[in-house]
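Good morning, colleagues. Please turn to the structure on the screen; I shall speak about its salt bridges.

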Amino acid sequence: MTSADFVDMENSSCGGGPFGRVVRWLKPVPERSWGKVLEAAREAKKLGEDDLRRIVHSFKVGLALTLVSLFYYYRPLYDGFGDDAMWAVLTVVVVFEFSVGATLGKGINRMLATLLAGALAVGVHHISTLWGGEVGEPILIAFFVFVVAASVTFMRFFPALKARYDYGLLIFTLTFCLVSVSGYRETQVLDVAHKRLSTIAIGSCTSIMVCICICPVWIGVDLHNLVAGNMENLGVFMEGFGFEYFDIKGNGLSLSNQQYKSVLSSKSLEETMVNLARWEPGHGGFKFGHPWEKYLNVGSQTRQCAYKIEALNTYLNTGIQVPAEIRSEIQEPCINICTESGKALKELAAALKKMTRSSSADSHIACSKAAVESLKLLSLKRGIWKDADLLETIPSAAVASLLIEVVACVEKIAEAVHELASVAHFKTEQPQLLQEPALSEEYHVAITIDRNSTEGLPKNGSSDCITTNV
């Protein structure tokens with residue numbers, strides 16, 4: 001009998017009743033389940049391809065848990081710790097994080113908190129036993145638990161403590177309460193505290209060693225690349241904005257991928273990464289005590305620039321048509337500002353990635369400031385604004401004002417990057433020696449003209465940075 005015959009028999013026997021409806025509902029379930037399995041497999045594949053470190057991290061956690069599980073499998077180790085060996089397994093589960101900084105921070109916090117809380121709990125147990133007697137001992141223990149728990153919980157609200165030691169304060173409260181309360185029924189309180197501290201130390205050290213020794217993930221490197229990448233994204237947008245705004249085609253620049261928007265919400269991520277990077281030892285080009293807090297200043301200035309760029313982006317698709325005369329007058333200085341600011345941001349990002357001190361961005365900032373002066377002088381010319389409609393001139397005036405503010409922001413970013421490079425002792429970029437050119441080679445020479453007056457200024461408002469071919 002075929003499946004079609006079986007379905008026909010069911011429909012005829014049930015007459016489309018409740019049993020038939022249940023059968024029809026259950027029939028596509030295997031197909032739907034298989035579709036969800038395939039979708040989950042595709043998502044897992046994408047997660048692994050996006051960052052292979054996630055797969056490595058999963059294997060590292062499995063290895064660490066296997067190692068600490070030997071305390072249960074190996075009889076001599078189990079006889080030494082007993083059921084307290086489970087604390088080593090639990091410690092690996094809660095301590096092992098994706099990055100070295102996060103694992104070190106949690107591991108050290110857990111070990112120190114367990115040590116201090118265990119010592120304090122043993123002291124409280126002895127004081128309660130000596131002074132309280134059989135009747136007053138539980139009262140004294142309850143009093144100390146209340147005072148310590150309330151005090152440590154309040155300390156967690158301090159921003160400085162919450163940023164780096166919040167997990168340690170939580171474990172301190174937990175360990176103190178467990179040891180103090182269990183000590184009322186246990187006679188060997190010191191032995192309980194010793195076993196718990198030993199197993200937690202073993203679990204924490206195992207996590208730290210596996211995390212550092214096998215394909216370590218340094219959160220400091222990720223922070224460094226994140227800050228540099230944010231500046232580069234702003235530079236890419238600025239280089240293309242002028243051509244996009246004035247509808248100039250064929251420049252090879254596109255604003256379709258607006259990655260700068262991720263900079264707007266990067267504050268909390270950067271602060272978290274800085275707090276975790278402080279736990280990491282020296283690695284690569286980052287020495288112990290690297291000025292991670294300086295990255296917050298660079299990130300803050302970058303976000304301020306991103307806010308201006310976000311405002312600029314709103315004027316790309318405005319329906320108001322700018323008069324052709326005004327558009328032609330301000331086009332060249334605006335494009336120069338965008339191009340030079342974008343190049344400056346990309347140069348700063350490249351220097352930060354290479355951990356070098358570079359002054360090449362300063363020349364682009366100087367050119368952008370010269371273009372700003374040209375734009376200001378054009379704005380004072382009454383001829384181009386005389387017959388224009390007010391509503392038509394507002395968008396152009398707003399864009400010009402925002403571009404001037406962007407140049408100021410780029411200059412502050414450069415100052416923050418130079419300060420970071422100085423404090424972190426970045427290497428000075430060696431200037432490249434120019435070789436004698438062949439006759440067929442073309443050289444580009446940038447000439448910056450410093451004018452003390454407006455005499456001789458080009459009528460079209462061009463920038464004072466002139467590029468010529470030799």
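Let me begin with a term: a residue is called buried under 20% relative accessible area, exposed over 50%, and partly exposed in between, with a 1.4 Å probe and protein chains only. Lys-308, at 25% relative accessibility, is partly exposed.

The model is predicted, so local features need pLDDT of at least 70 and side-chain atom pairs count only at pLDDT 80 or more, while totals for chains, interfaces and linings use all residues. Residues are numbered from 1 along each chain as its sequence is written, and side-chain values use heavy atoms, with hydrogens and water left out.

A salt bridge here is a side-chain nitrogen of Lys or Arg within 4 Å of a carboxyl oxygen of Asp or Glu. The structure contains 13 of them.

Lys-308 forms one with Glu-405, at 3.0 Å from N to O. This pair links distant parts of the chain, 97 residues apart: Glu-405 lies in helix H16 (residues 390-423) and Lys-308 in helix H13 (residues 293-313). Helices are DSSP runs of H or I, at least four residues, numbered from the N terminus. Glu-405 is partly exposed, at 33%.

Next, Lys-353 and Glu-232 meet in a salt bridge of 2.8 Å, N to O. Here too distant parts are linked: Lys-353 belongs to helix H14 (residues 324-354), Glu-232 to helix H11 (residues 219-245), and 121 residues separate them. Lys-353 is partly exposed at 42% relative accessible area, and Glu-232 is partly exposed at 29%.

Conventions:
Helix = DSSP H or I, 4+ residues; strand = E, 2+ residues; numbered from the N terminus.
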